[in-house]
Amino acid sequence: MFHREAGIFKTTYGADMALYPLPIAKWTVIALALLFVVIIPLTVHEYYLSILNLIFIAIVGALGLNILVGYTGQISIGHGAFMSVGAYTAANLAVRLGLPFWLTLPAGGLMAALIGVIVGMPSLRIKGLYLAIATLAGQLIIEWTINHVPAISGGAQASIEVARPSLFGVSFNTQGSLYFFLLFFAVLAIVATLNLVRSRIGRAFVAVRDQDIAAEIIGINIYRYKLLAFAISSFYAGVCGVLYTYYFGIANYEQFQLIVSIDYLAMIIIGGLGSVLGSIFGAIFVTLLPIVIRIFMEDVGSLFFTQAEMANVISGLRLGVFGGLIIFFLIVEPEGLNRLWRNIRSYFRVWPFSY
Amino acid sequence: MSEDLEFLLALVLNGASIGLMYSLIALGFVLVYKATDAINFAQGEFVMLAGLIVTVTLGFEGTPLLAAVVIVLAVMIAFGFGLERIVLRPLLGRPVVAVIMATIGLAAMLRGLGPVIFGSETRALSLPIGDEPITLGPASLPPIQVLGAVVAIVFFLGFSWFFKKSRMGVAMRAVADNQQVAQAMGINVERYFAYAWAMAGVVSALGGIVWGSMLGVDVQLALVGLKVFPVVILGGLDSVGGALVGGLIIGIVESLAAGYLDPYVGGGTKDFAPYVLMILVLMIRPYGIFGRRQIERV
């Protein structure tokens, strides 16, 4: 029978933490799956597929950073460098040993996790601002090392070309096939994160974030969970780096500079700290923003700037708008786009009979 | 004096003068942290902004240098006040990570919009001090380094006096020490937060002039700010004297690394050594040489 809810009537913790809080959620997921697996790849132009591909990669990285910053309350300004660790590990393995992607991908992730744990080590003794500075140092040191050690970076211009991934003799070398490749990992990352954060580990992370002393008193080993958060988060970052490498067909340290760390911080702040959906919103928003700015500037900006200046103006505007949005969201809506979405959703959930 | 020793001494003197210029920028960072407990990731961008303003002002035909200096000081003070009011005050009482991320956002914003508004070309900023190197024992230093070092020392003496003797300085120390007690003593805490940011603006203005005339003014100037972190971690985040000593040490370490290690690894150790040193300090003595030993360990 058709009926609408009149409020939230959960009586068990299990019901509250269920993956599908409402029957409609299940239908939404099925509809989305249909949309992304069947309809979009068949109908959408290759250019838009390439944008979607970038969004998928960004989702993996944003989820990883959100586990660390949003759920565990630690901060990292070194995620760009962790991505580069994953990227170069995979590129070296793929080129020198000829390993396939299903080995280089986890290897890159694990290597990044290892480095992430080492960089996160100071979090055991220090927190907040000191940790921010320590991870910043990690970022700069890793960047420098990759740039100056030819054994890692492959010499010329510190970049390594890798072949596109292939499985069972099928090479993912078009935007359309890469779409499925990246969609798979994005979905895997989303499902893994959704389940991680409602597991024992995820709840421990949240406890460490909310009150570390209280967490320790109720028997959570904070050291272990902080390092675990760094490990998991940098694993995601490493995988994200590997995906970038396979997607562009090249590992290049310039894709993983300090500015990338800031891009990803912008994603999770704009999207919503401590929320899976927020990471996805943030990844979409931050990937689309430069494209929107470019389109806008090509129409309007040519009135003020010459064609030669345009590239600089666009990259400057992009950075400036990110910075402004970070500040804006921190001050006005600390829970980000996810909060706005929830407000809309909970309004319509009981509409038209609220209370 | 043997040649090796002369080389060493030249490196040390060169490093010390650069180090004092680092201290000058680090001072802006320390002032803000000391008074408001906020960490400023945009210090390098402040310096860049000041450099941009000076060169743009001087770009108008016939502007005397003194006028440009006065203008940049005024603008940076106003910027400091405005920043505190618009960005930092709404974040009072929020987790420290929020403030860190807000200043990172500010840094991105300044670095992005600076070139869009003022143009992205590198501008030269020449001060009327000549470029005849000044010989100091075995070292010959460019005059701008000497000027930078002198400005840094003058500022340090000034701020030491300010914090010890002046009424405002004592009030700022009180705010830094305990905000609630300071408020109970009738000190307007929020206003002193604003003063601290304005003072950081003043220091950055001077930093922008000396660093800008050394490196040229463009977006890359903001990267000087990254060197601030090793300096303040080494010296202690809340110590004015620490910024001076930390700057000297980092400057000398950097110069020694460049002099002795570069031939072996093919250059670039200058940008590497300070951060390694900083990681070591963070692991062993995170409060630095002169900082307050007040690190929460959880």
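Student: Among contacts in chain A between residues at least 6 apart in sequence, what percentage join residues at least 24 apart?

Tutor: First, note that this is a predicted model. For chain A, 77% of the contacts between residues at least 6 apart in sequence link residues at least 24 apart.

Student: How many helices and strands are there in chain A?

Tutor: Chain A has 15 helices and four strands. Of its 355 residues, 45% count as buried.

Student: How do I read the packing of a pair of helices?

Tutor: Two packed helices are described by the angle between their axes and by the distance between those axes. Take helix H5 (residues 101-120) and helix H11 (residues 222-248), both of chain A: their axes come within 6 Å and cross at roughly 140°. Because of that angle, H5(A) is oblique to H11(A); angles over 145 degrees would count as roughly antiparallel.

Student: Is the crossing of H5(A) and H11(A) left-handed or right-handed?

Tutor: The crossing of H5(A) and H11(A) is right-handed. The contact of these two helices has 16 nonpolar, nine polar and one charged residues.

Student: And how do I read the interface between chains?

Tutor: The size of an interface is often given as the accessible area lost when the parts come together. Here we can count residues instead: 38 of chain A are in contact with 41 of chain B.

Student: Which element gives the most to the side of chain A that touches chain B?

Tutor: H14(A) does, with 14 residues. Other elements giving two or more residues include helix H6 (129-148) and helix H12 (258-271) of chain A. By class, this side of chain A has 26 nonpolar, seven polar and five charged residues.

Technical notes:
Residues numbered from 1 in each chain as written. Chains lettered and ligands numbered in written order. Predicted model: local features only at pLDDT ≥ 70, side-chain atom pairs only at ≥ 80, totals over all residues. Axes fitted to C-alpha atoms, helices over the stretch in contact; angles between N-to-C directions. Parallel < 35°, antiparallel > 145°, perpendicular 65-115°, else oblique. Left-handed = near helix turned anticlockwise from the far one by under 90°. Nonpolar A, V, L, I, M, F, W, Y, C, P; charged D, E, K, R; others polar. Contact = placed C-beta atoms within 7 Å. Buried ≥ 20, exposed ≤ 12 C-beta atoms within 10 Å, placed from the backbone.
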